[in-house]
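Please keep the sequence and the 3D view at hand while reading.

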Amino acid sequence: MSQNQTPLFSGLLEHAKKNPVQFHIPGHKKGVGIDPDFRNFIGDNALSIDLINIGPLDDLHQPKGIIKQAQDLAAEAFGADRTFFSVQGTSGAIIAMIMAVCGPEDKIIVPRNVHKSIMSAIVFSGAIPVFIHPEIDEDLGISHGITTDSVEKALNQHPDAKAILVINPTYFGISADLKRIVEIAHSHNVPVLVDEAHGVHIHFHDDLPLSAMQAGADMAATSVHKLGGSMTQSSILNVKEGLVSAKHVQAILSMLTTTSTSYLLLASLDVARKQLATKGKELIDNTINLAQSIRKRINEIDHLHCVGEEILGSKATFDYDPTKLIISVKELGLTGYEVEKWLREKHNIEVEMSDLYNILCIITIGDTDLEGEILVNALKDLAQEREHLEEKFEPIQVLLPDIPILALTPRDAFYADTEVIPFEQSEGRIIAEFIMVYPPGIPIFIPGEIITKENLHYVRENLEAGLPVQGPEDDEIKTIRVIKEYKAIK
């Protein structure tokens, strides 16, 4: 088949044209039974292909027809042996990827700055995480990748590890030397799993970091919806056979995937693959040029810095994706969250994320110079507003707490006998739940770690800044769930 074809989307259109009488779910029956306001907004075309896995439309759990054809084309486009579509987002693909290679008590080597889905998979599987400390950028206050040296050291210390997981690129667009990491891992006969949530586009342009499949990784969970043009929640799992079995991966995916798969999401993966495979180079060329133009203009504004090639050079910053605009705002004397709110309220701009020191803006194939101009002008307004303040503002100091010590496996801590205590009295205890800021969803604490004074202070800083701290059962984070401690009997 040709990469210009869309077997899944085309098959859905052909089915909709036949206009069959439906005695199957979904119950809205081509939109007739749905709320009229919603139907008018969404449109009859979309609702006509909101279907279910009836015979002519194949079945994601055991594809043999149009879904298989679409997945085979995706595998060819991404250089994989097998590609599986995910309607559970990249989180679902990541959980399946880890559970396909790890069981109870198996070791998996992971960076500590992983997404919560990776830690969830470790809890579900019962695997034991061996953490590698990512390189910390003390100027930006963010984590980068892991180094080849730390990978080699971890594999030498833990030769029984079942897998190593790498984030490539990071949420902020920074890549480590993935090809060399794969070579090191494979020399130990250990498969490499890649969280490629923020890198679907890198496979289709030579000026971007190597993709997981190009670097020879064994599996990669890739968000097509984030940067590749498919609908939200649609992702893929790419597999190279050898150290992992594609059939086993399919079985695990099926266990974790809804049986009521969304054909709208699946079709959007099919058409996004076609666009990337046939026009990706040209589209991404334009995106890179636009991003670099915006970066240059932002860097002409006082007190702002948009990160570029100067970040490269360390062992963990081997390459970067210029379409990610990391904008350091700390010199304005504001937190990233304050800038995010200001842009929303004053200019109707929504950024990808903010933290204590930065905002992150993502430039994609859906952007034009118009959006770039709006962003640059808004940031100019902000800088001028700060300059005209009567009181001199002080730059914000970067706070970087140490990574806590893991005292219990995340699974043991999650399922342990626990109690709820005041947040302020939790120092020294073992936490039994997650605490993270989302986005990006990297945990400050994971179940099993020892709560430290510094990290409690860091949580407070994020809360006081207004950032979305999530995870604990207590939404207000006045209390925290910890492992119950029993006093010795006298």
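Cys306 has Ile327 in S13 as its bridge partner. The model is a predicted one, in which local features need pLDDT of at least 70 and side-chain atom pairs count only at pLDDT 80 or more, while totals for chains, interfaces and linings use all residues. Residues are numbered from 1 along each chain as its sequence is written, and side-chain values use heavy atoms, with hydrogens and water left out.

Helices (H or I, at least four residues) and strands (E, at least two) are DSSP runs, numbered from the N terminus. Two strands pair if DSSP finds at least two bridges between them. Strand S11 (residues 305-306) is joined to S13 by two bridges, and the two run antiparallel. S13 also pairs with strand S15 (residues 358-362), in the antiparallel sense and over five bridges; here Lys324 has Ile362 of S15 as its bridge partner.

Strand S13 covers residues 324-328, and five of its five residues are buried (under 20% relative accessible area, with exposed meaning over 50% and partly exposed in between, for a 1.4 Å probe and protein chains only). In a regular strand the side chains alternate between the two faces of the sheet. In S13, Lys324, Ile326 and Ser328 point one way, and Leu325 and Ile327 point the other way.

Elsewhere there is an open sheet of seven strands, in the order S1-S10-S9-S8-S6-S2-S3, with mixed pairing. Strand S1 (82-86) and strand S3 (128-132) are at the edges with a single partner strand each, so one side of each has no neighbour in the sheet. Within this sheet, strand S9 (residues 219-223) and strand S10 (residues 235-239) pair antiparallel over five bridges, and Ala220 has Asn238 of S10 as its bridge partner.

Helix H4 (residues 66-78) lies across S1 and S10, at about 120 degrees to S1. Axes are lines fitted to C-alpha atoms, for helices over the stretch in contact, and angles run from 0 to 180 degrees between N-to-C directions. Contact means heavy atoms within 4.5 Å. Helix H7 (residues 148-157) lies across strand S2 (107-111), S3 and strand S6 (163-167), at about 145 degrees to S3.

Two helices also pack against each other: helix H5 (residues 89-99) and helix H10 (residues 246-256) meet at an angle of about 130 degrees, with axes 9 Å apart. The contact is made by Gly92, Ile95, Ala96 and Met99 of H5 together with His248, Ile252, Leu253 and Leu256 of H10.
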